[in-house]
There are 2 protein chains.
Amino acid sequence: MIGCELCELSVPTVVDNDKFAVILVDDANYPGFARVIWKAHVREVSDLADADRLLLNDAVYRLELAVRDVMQPLKVNVASLGNVVPHLHWHVIPRYADDAHFPAPVWAQAARTTDEAVLVARRALVPQLAEAIARRFASR
Amino acid sequence: MIGCELCELSVPTVVDNDKFAVILVDDANYPGFARVIWKAHVREVSDLADADRLLLNDAVYRLELAVRDVMQPLKVNVASLGNVVPHLHWHVIPRYADDAHFPAPVWAQAARTTDEAVLVARRALVPQLAEAIARRFASR
C-alpha cells in the first residue's frame, strides 16, 4: 500500500521470501530485537488464510529459537501490535533482568540504564544472530 | 509450580480444558481484554512440543476471532510477554482510537481518559464476548 512504511520496507533483511521478511531492529537498548514482517498489506493475524497463518507462526517460532540460542535471554517477548503501522508484523525481543525496562514491557517507561559494557557484549552477538536466523530458515 | 499465580489461577474461566484456560481480564480501561493461559508451567512458546504449540496458536487465533466479532476493535494486539509471571500466557487486547493509550501499546504511559459512556457501552458487550468465545472453542 502506498504510504505504508512496511510495504515500502527499505532496511536490510536477514530472511526475505515472497511471503515475509525477517529484520534485525537497530535498537540501542535491545540488541537482538528482531521482527517478522508479512509482505502483503494485511492488518490482523486472523485476516490471513490458514496456510499463511501457520507459515507466519512457524516463522515467529524459528526466529524465537534463533534469538534464544544466540542471545540467551532471561525471557523472550513476542508481540503483534501494529497500532502505529497496521501492517502485520511480529516483534521478538530478548529480555534480561538488567535491560532498560525489565520486568515491564519495552514500551513502558524505562526503569534503568543498562551498563554500556553489557550492551556492547550483547551487540557483539548480533552478527552471530543473523547467521543463526539464516540457518533456522534455510531448512524451509 | 508453588507460588506461581498462573499455576494457582483462581479467576473465573470462559474456556477450561486440560491444556489451557481462557479468561476475561477485568481491566476498567480495556473491556474485552482476554488471555489464554497454558496450564503447564512452561516459560516460552518454544518450550512447547510442536502439537501443543499449534494448539496454543489455534487458541489465540480463536480468541482473536471472537474479540474481533464482538468488540469490533480498530486493531487487535496480541502478545506473550511473561516477564513478571514467566508462565506462558497470551494477551489479546481490542484497541480503539479513543482508548487510554492508542496508538501506543497498553503498557506505555496513558495518553488520555476514554469517555465513560464509551467504556460503559464496551463493557456491556463483555457477556456477549464470553458467549462468543465459548462458541469458538466448542468446535474442538
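In this predicted model, A:K19 is partly exposed because its relative accessibility is 29%, a value that falls between the 20% limit for buried residues and the 50% limit for exposed ones. The side chain of A:K19 meets that of A:D52 in a salt bridge, with 3.0 Å from N to O. A:D52, by contrast, has a relative accessible area of 17% and therefore counts as buried.

The crossing of α1(A) and α3(A) is right-handed.

Helix α2 of chain A, residues 116-123, contains A:A121. This alanine has a relative accessibility of 45% and so counts as partly exposed. A:A121 and A:P31 are 90 residues apart in sequence, yet their C-alpha atoms are 9.3 Å apart in space.

The description now turns to the interface of the two chains. Chain B and chain A each bring 33 residues to the contact. The size of an interface is often expressed as the accessible area that is lost when the parts come together. Between chain B and chain A the buried area is about 3,000 Å², and carbon and sulfur atoms give 47% of it.

Across this interface there are 4 salt bridges, while the count over all chains is 20. One salt bridge pairs A:K75 with B:E44, whose closest N and O atoms are 2.8 Å apart. Another is formed by the side chains of A:E44 and B:K75, at 2.7 Å from N to O. A:E44 lies in the loop between β3 (34-38) and α1 of chain A, and B:K75 lies in strand β4 (residues 75-80) of chain B, so the pair joins two chains. Both A:E44 and B:K75 are buried.

Within chain B, B:E116 forms a salt bridge with B:R123, the closest N and O atoms being 2.9 Å apart. B:E116 is partly exposed because its relative accessible area is 45%, and B:R123, with 33%, is likewise partly exposed.

Note on methods: Residues numbered from 1 in each chain as written. Chains lettered and ligands numbered in written order. Predicted model: local features only at pLDDT ≥ 70, side-chain atom pairs only at ≥ 80, totals over all residues. Heavy atoms only, no water. Left-handed = near helix turned anticlockwise from the far one by under 90°. Helix = DSSP H or I, 4+ residues; strand = E, 2+ residues; numbered from the N terminus. Buried < 20%, exposed > 50% of the residue type's maximum accessible area, 1.4 Å probe, protein only. Contact = heavy atoms within 4.5 Å. Buried area = accessible area lost by both parts, 1.4 Å probe.
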